[in-house]
Amino acid sequence: MAYIMVDIESDGPIPGDYSMISFGAVLVQDGLKETFYGQLKPISENYIPEALAVSGHTREETLNFDDPAKVMNDFAAWLKRVCHDKPHFISDNNGFDWMFICWYFHHFTGDNPFGFSSQNLGSLYKGIVKDMFQNFKHLRQTSHTHHPADDAKGNAEALLTLKHEYGLKIKL
């Protein structure tokens with residue numbers, strides 16, 4: 001199994017009406033050497049300035065980002081190269097992140113290599129420590145910067161800590 005930790009930044013709350021601005025992905029394995037980062041040109045005229053500001057980019061900058069079809073095809077090719085079997089999507093906020101990745105894959109490539117499911121890192125941690133009020137974020141080594149490559153890496157570090165220090169049984 002190949003676990004892919006993903007983080008996205010967007011300029012609004014839902015795909016289609018708003019745009020995914022950038023995303024980062026990391027193959028979860030010791031060393032975290034296999035990474036992907038994409039910046040995507042907006043697909044809509046709609047955007048919420050406060051949401052876009054989280055990404056650290058201006059609207060003008062995003063208009064010069066790459067064509068979403070190219071980025072999603074490049075991401076699919078990267079997944080095929082680094083995963084020897086079906087990739088499994090995991091993120092800190094899978095309801096949000098997966099919704100954008102799934103929509104963009106289906107819209108721009110016709111297929112989502114992750115299938116129809118995803119996993120939530122926060123929920124996994126709560127189950128391991130048996131406390132619904134705990135959170136995993138102290139397990140990150142890489143600072144949470146809202147750059148999706150950094151954030152995906154920090155979350156992948158936390159997942160590896162769950163494996164090595166908490167005895168989480170996952171096949172990497």
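**Aromatic rings and the core around them**

Ring pairs tie Phe23, Phe36, Phe75, Trp78, Phe89, Phe105 and Phe114 into a cluster; rings of Phe, Tyr and Trp (its six-membered ring) pair if their centres lie within 6.5 Å, and planes under 30 degrees apart count as stacked, over 60 as edge-to-face and the rest as tilted. This is a predicted model, where local features need pLDDT of at least 70, side-chain atom pairs count only at pLDDT 80 or more, and totals for chains, interfaces and linings use all residues. Residues are numbered from 1 along each chain as its sequence is written, and side-chain values use heavy atoms, leaving out hydrogens and water.

Q: What kind of aromatic pair do Phe36 and Phe75 form?
A: Phe36 sits in strand S3 (residues 35-39) and Phe75 in helix H3, 39 residues apart; helices (H or I, at least four residues) and strands (E, at least two) are DSSP runs, numbered from the N terminus. Their centres are 5.0 Å apart with 35° between the planes, so by the cut-offs the pair is tilted.

Q: Is Phe75 buried or exposed?
A: Buried means under 20% relative accessible area, exposed over 50%, partly exposed in between (1.4 Å probe, protein chains only). Phe75 has 0% relative accessibility, so Phe75 counts as buried.

Q: Which residues touch the most other members of the largest nonpolar core?
A: A nonpolar core is a set of buried Ala, Val, Leu, Ile, Met, Phe, Trp, Tyr and Cys residues joined through side-chain atoms within 4.5 Å. Of the 25 residues in this one, the answer is Ile4, Met20, Phe23, Phe75, Trp78, Ile101 and Phe114.
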